[in-house]
Amino acid sequence: MTHDAIFAGLNPEQRRAVETVRGPVCILAGAGSGKTTTITRRIANQVATGAFGAASILAVTFTDKAAGEMRARLAALGAGRVRTQTFHAAALAQLHHLAPEPVGRVLPTKAVALRQIANRLPKPYRFRPAADLATEIEWAKNRRLGPESYMESLNGHQPPIPADLMHGVFATYERRKAEKGFVDFEDLLELAVRMYDVDDYARDRFHSRYASFTVDEYQDVNLLQQSLLERWLGGRDDICVVGDDYQSIYSFTGATPDHLLGMPKRFARTTVVRLESNYRSSPQILDAANRLVPQLGGAAKVLTATLPPGREPDARGFATLEDEQRFIVERVRALHADDGIAYNDMALFYRANFRSEDFEELFAEAGVPYQVSGGAFLKRTAARRMLGRLKSSRSADVATRVRDAAEAEGLVEPLPEGLGDQETTRQKDLARLVHLAEEFDDGTRTIADFVADVAARFGGEGDARGVHLLTYHKAKGLEFYAVFMPRLEEGELPFKRSLSDESIDEERRLFYVGVTRAKRHLCMTWVGGGKQRPSRFLQELGHATSPLPGERAGRPAADPSAEGPIFGALKKWRAARAKDDGVPAYVVFHDSTLRDIATYLPRNKIQLARIQGVGPTKIERYGAEVIAALVTVQEHETGPTPVSPL
C-alpha cells in the first residue's frame, strides 16, 4: 500500500494521528469523526514505514463485528497480517499457546446454568431472568471480584435479587462451573492475567511476539480488561487507544471512561489527538449535540460539520401519548413518500426493551414495516411462554385465565423498585398481556381468539427492511438517515432508577448517543401535562417543553393516591359493577387504570379512551358510568363540573 493511499482524504488531525507511528497515543474521537479509518490507516502506516512488523501488532476491540471490519480494512491497506481480535478471543488464543495446562471448555452462555440455580430460589426470585443474574456476575467479575469478596464490595450497588441470595447464586455458579471443567468469558481474561503474573516463560514469549497495541472503544474498557492490557504492555508504552468518553454508556458492565481520560497521566509522553470533524450529521444536528457538551464533562470535544446544512431538529411536545404516536406515524410516512427515505434508513429509540411493544403495535396497525433489535415483544420470554401455554385453550374466560397464567409466571403488582432491566421488561410484558386480555374479554370470544388477536397486533415485524426499533444502548455505533426519539420525559430518559449524579450523567450520555446517530433528520418528542414532565435534557438543549398550542392535557387530580376520594369512589363503583356482572373486579378495570382515570379526570368518552387499559369494548360497557361517577365525586368535592356527553 502506497503512502498516498494511506493518507488519502485524511483531515489534519487524522493525518497527525496516522503519522505518529510510535506510542503512546490517545485519540479522542467524537461521534462520526472517522475513528476506524484513522486507526486502521495508522496501523497500515506503522507497517509501511517499518516502525513495526505486521505480525508484532495486536489490535483489539469489543465485538466480532468490529474486529471483522478492522480486519477487512487492514487487508485492503496491505496490513492483513496484523492480528485483530476481541479481548476474549485474544486471551483464549494466548492461553491455548502459552498456558501449561488446558483451560477447559468455554461456556457459550451463563443462562442455562443460572436458570437451573435460580429455579431453587424462593418465590418470587426464582422467576428472575437468568440474563439479569448473568449481568450481575459479569459486573462482579469485570471488577475482579469473586464470591469471597462480592458482599463486602457492593458499596451501594443494588443486585437484581437480595444480596445474600445473589451471593449464593454466584458461589454456586462458580462451583458448578469448576466441577464440570468449564470457563466463562470473564475467566479467560482472569486466567490470562494470572498466567502472565506467575509464568515468566509465557510473559517473555508474549512480549517477544507483540510490540505495539491498538485498542478501539477504549471508553468501554473495564478493570479486568485494563489489567490484561497492562500485562500485555509489561511496562512498555507503544500503545494507541481511541475512544469517546461522551459515549461511555456501559457502567453496568464495569466499564469506565477513566482509563481513557487518565491516559496522559499514566504515560507522560502521550500524544493526544482530538478528532472533531464530523462526517455523519448535518450542522443543525451537531449544533444540538454540542449544546450538551458543557454538561458532559470529561475531555471537551466540539463537533464540526463537514456536510451541507439540513433541517432543524424537530422538537415537539404533545398533550397525549396518542397525539405523539399519530405524529410519529405521519412523519415516518411523509419521509418515506415525500423525501424518498427507505424505512430501513429510519430508526426509533427507546430506553428499555419493554417499550418496544408500544411501537410494534403502533407500526403494525399503521401498516409501516419495522424490525426490532434486541427482541420483539412476541419473541421475548414472557409473551412466548404465556401465549404458547394458552394458544390451545377454547375457554371464554379470557381475562381470568391470562391473569392466572401471568401470576404463574411470577407477575408482581405493583412493580417493586430495584429490578434489573431484564426483569423489568419481563414484568412489564406480563402486565401488558393481562391488560390486553382485560380489554379483549367480552365474555364471548375465546383465549384462542385472544392469542390470534395479539399475534395480529404485534406480528408486523418484517424481513429486516423496516424502521429500526431499538434501545439507545443498541444504537451505539450505528447511524441512520432519520432518527426518532419519543417519550423524552422524566422517568423515561433519564430512567426512573437513575437517582445518583453518576447515573444521571450516564443517562445524558445516552441522550447524546441518540442525537448523534442522526444524519439528516432528528425528531424529539414528549408528552407533557398531568404526571408527566419533559426530560431535563431537552431543557439543556434550550427547547421549550410545554405542549403545543391548542393541545390540552387532562387535568391532574387533586388527590390521585390510593386513599384519595376520587380513586376510592371509582373503586366503590367498580366493586358494585363487578358484583352485578359476576366477574372479578380487575375484569372491569385494573387498579392502575383506575389510578390514571383518577389522575387525569377525563370529562368525556373521548378523553377516557386515551387512557391505557380503556379500549372500545370498555368504553361502550362502562364509559357513561365512569364519567357519571367522576362527576358525582367532583361535585361533592368542588361543586358542579360541566361534562360533555361524547
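In this predicted model, the side chain of Thr516 reaches the backbone oxygen of Tyr512 at 2.9 Å. Thr516 sits in the loop that links helix H24 (501–515) to strand E16 (518–527). Its relative accessibility is 1%, so Thr516 counts as buried. Beyond residues up to four places away in sequence, Thr516 touches Ala31, Arg280, Ser281, Ala289 and Leu303.

The largest nonpolar core has 36 residues. Val215, Trp232 and Ile239 have the most contacts inside it. Two or more residues each come from strand E1 (25–29), strand E2 (57–61), helix H5 (87–98), H10, helix H11 (200–209), strand E6 (212–215), H12 and strand E7 (239–243). H10 gives the most, with 6 residues.

Leaving aside neighbours within four places in sequence, Val215 is in contact with Val60, Phe87, Val221, Leu229, Ile239, Cys240, Val241 and Val242.

The crossing is left-handed. H10 makes the contact through Glu186, Leu189, Glu190, Ala192, Val193, Tyr196 and Asp197. H12 contributes Leu224, Gln225, Ser227, Leu228, Arg231 and Trp232. By class, this contact has 7 nonpolar, 2 polar and 4 charged residues.

Notes. Residues numbered from 1 in each chain as written. Predicted model: local features only at pLDDT ≥ 70, side-chain atom pairs only at ≥ 80, totals over all residues. Heavy atoms only, no water. Left-handed = near helix turned anticlockwise from the far one by under 90°. Helix = DSSP H or I, 4+ residues; strand = E, 2+ residues; numbered from the N terminus. Contact = heavy atoms within 4.5 Å. Nonpolar A, V, L, I, M, F, W, Y, C, P; charged D, E, K, R; others polar. Core = buried A, V, L, I, M, F, W, Y, C linked by side-chain atoms within 4.5 Å. Buried < 20%, exposed > 50% of the residue type's maximum accessible area, 1.4 Å probe, protein only. Polar contact = N/O pair within 3.5 Å; in protein donor to acceptor, adjacent residues only side chain to side chain.
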